[in-house]
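Hi there,

Here is the structure we talked about, with the sequence alongside. Have a look, and then read on for what turned up.

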Amino acid sequence: MTVHRRREWELPEKAVTSCHLLVHRRKAMTVFGASMLGFGVINEAVADKVTYPPGDLSGTGRFDPGRPITPEQIVTTYNNFYEFGLHKNIWRRAQKLPTEPWTIRIEGEVERPITISFDDLMKKMPVQTRIYRHRCVEAWSIVVPWRGFPMRDLVKFARPLSAAKYIRVTSMSDPKVMPGLSIPYFPWPYREGLWMPEAVNELAFIGTGMYDEAMPKQDGAPIRIVIPWKYGFKSAKSLVKFEFIRHQPETFWEQTSPNFYGFWANVNPKYPTPRWSQAYERALGEGRVIPTQIWNGYGRWVASLYSGMKHDRHLFM
Amino acid sequence: MSTEQRPKRRHAVFSSPLKDRTGCFSWVKTICLTLCVAPALYIAAWWVAGRLGGRPIHQAMLDTGFWAIRFLVLCLAVTPVRSWFDWSRLIQLRRMLGLTAAFYTFAHVTLYAAQQGFDMGFVLGQMVTVFYLILGTVATLGLFALALTSTDAAIARLGKKWIGLHRLIYPIAVLSFWHFFLTQKIDIGTALVPAGLTLWLLLWRASAARSRRSLARLASLAMGVAVITALGEAGWYALYSGLNPRLVLDANFSFSRWSAAQQLTADFALILLLIAMRRLLSFTIVQSR
């Protein structure tokens, strides 16, 4: 039996999803859907500055996103998941992804490589909820109530050797259900990576559900990473492998488009991509454009990780 | 005081899209109009059914933009297709197709503004500062100028100048495609197919008048465009991505997925086949007389 003792900074269940979304979620979605048809347009406006709450060092407000939770309808129907197609409208197609059974391989510089089923892993992990802002490199953002566990717990469970300096995660690649894999010149499978100090930072999270339900397939069922201070493409979906390695791994987008996307990919409004600015982001569901903040507003927890590094474009793309 | 006043000929500003020049009902124009309106209805129906995804305004903006490009290509295809199929009456569809491209462009820009909450300061600011939006803005203004001078009255008033003005459709097409290419995040296949078709049409126009009727000439142009498309695709990835251009070229010889050059080849083959059938048919008719 797993006894879960709540630590002081964890949110109690009731503080997680705002009541009107949780209790009246279906209704809220209907109202939202209707408003998108006729009047949704009118509400959109360009807003000025947003200040995120600094977060108290203990207690329930620790990771308060400072913005309303994005309607579930948007988060589950507007998805980048290139394995299923190069556009956002892939949620129907993604339902074909078989997620049961699901096995995860933990290997590389660890005491003992293992293969574990998703269900068995979940029995060993302290499941909790975190509401995070999520900023896509395409200049839109959402606020999502994730369920899952801290990535540092997975690292602890994996028992890495001291030689392990980075973690590489690999997404499922199943050509039977993923038409995107038929594009032969993309470096499939999707791979992402983190530097070990990033992976054990308390913000780094493993997502296994959202909005108090199991993870929808289009959002990366059954297991994904959630790295809120980096651009969304770092938060790889539907993971089948965690490798502990010595050297900085090559990642999917870094290989695909090295002028646009790098390994570090920390959010910073000051460093535009070669084609578009990162200064602002469209807050989906809020109907406004807001200024983007360095580290996506999570500097208090992560800025110190990079204090010894040069703060140039390299660190922010 | 003159006893006789010659009635001055008035040119219409609005003419019915269902009737031909002589004022008779035209099936060809009616069918064409239906096909022009169909994508808009389709997008609207998907919107209402909630099938445009999490950001319907954004998706409708992308879709109308793509349809604007498609109708632009169809408009440019009228003259070549007339010649290939000896179907001169097709000219009566050109204005409708061009106007349809302008209407979809208008919808595209309006939806873009809608997405920004009609904050026109922001919208106009973006349209004149972001490079790919500048391209789109210039193309849009050009297309609107052509649409406004498409009435019978404007054609009559502009006289010979009209043709010169409406040749602007070529630079407008180039700007539109440039804009289209720059909006693609990584995969440019979607933009390459209509671009290849347009290149084929333009190369045909540029050929000597005597070779224009030759099917062999048209086929060799098609092959050339397919090769240019494949090389262009690989070149784009070589310049703007970290992907191996060899793999991009190799993909043209694999059948796991239709590459842009393969799709174009299929399109070209179909059109050439139709032209050949048309020629064969008229040849048979002449022989039997």
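Let me begin with chain B: of its 289 residues, 43% count as buried (buried means under 20% relative accessible area, exposed over 50%, partly exposed in between, with a 1.4 Å probe and protein chains only). Please keep in mind that this is a predicted model, where local features need pLDDT of at least 70, side-chain atom pairs count only at pLDDT 80 or more, and totals for chains, interfaces and linings use all residues. Residues are numbered from 1 along each chain as its sequence is written, chains are lettered from A and ligands numbered from 1 in the order in which they are written, and side-chain values use heavy atoms, with hydrogens and water left out.

Chain B has 12 helices and 0 strands (helices are DSSP runs of H or I with at least four residues, strands are runs of E with at least two, and both are numbered from the N terminus). Its accessible surface is about 16,300 Å², and 69% of that belongs to carbon and sulfur atoms (Shrake-Rupley method, 1.4 Å probe; for residues, only the protein chains shown count as cover).

Chain A has 10 helices and 13 strands, and buried residues make up 58% of its 317 residues. This chain exposes about 13,400 Å², with carbon and sulfur atoms supplying 55%.

Now to a sheet in chain A. Its 5 strands form an open sheet with mixed pairing, in the order β3-β2-β11-β6-β7 (two strands pair if DSSP finds at least two bridges between them). Strands β3 (114-117) and β7 (191-195) of chain A stand at the edges with a single partner strand each, so one side of each has no neighbour in the sheet. In strand β11 (residues 239-245) of chain A, 5 of the 7 residues are buried, so this strand is largely enclosed by the rest of the structure. Strand β2 (residues 103-108) of chain A runs parallel to β11(A), joined by 4 bridges, and A:Gly108 stands opposite A:Phe244 in β11(A). On β6(A), the pairing with β11(A) is antiparallel over 6 bridges, with A:Arg168 opposite A:Glu243. Strand β6 (residues 166-171) of chain A also pairs with β7(A), in the antiparallel sense over 5 bridges; there, A:Ile167 has A:Leu194 as its bridge partner.

How do the two chains meet? The contact takes 33 residues from chain A and 36 residues from chain B (contact means heavy atoms within 4.5 Å). About 3,100 Å² is buried between them, 58% of it from carbon and sulfur atoms (buried area is the accessible area, 1.4 Å probe, that two parts lose on being put together, summed over both).

Happy browsing!
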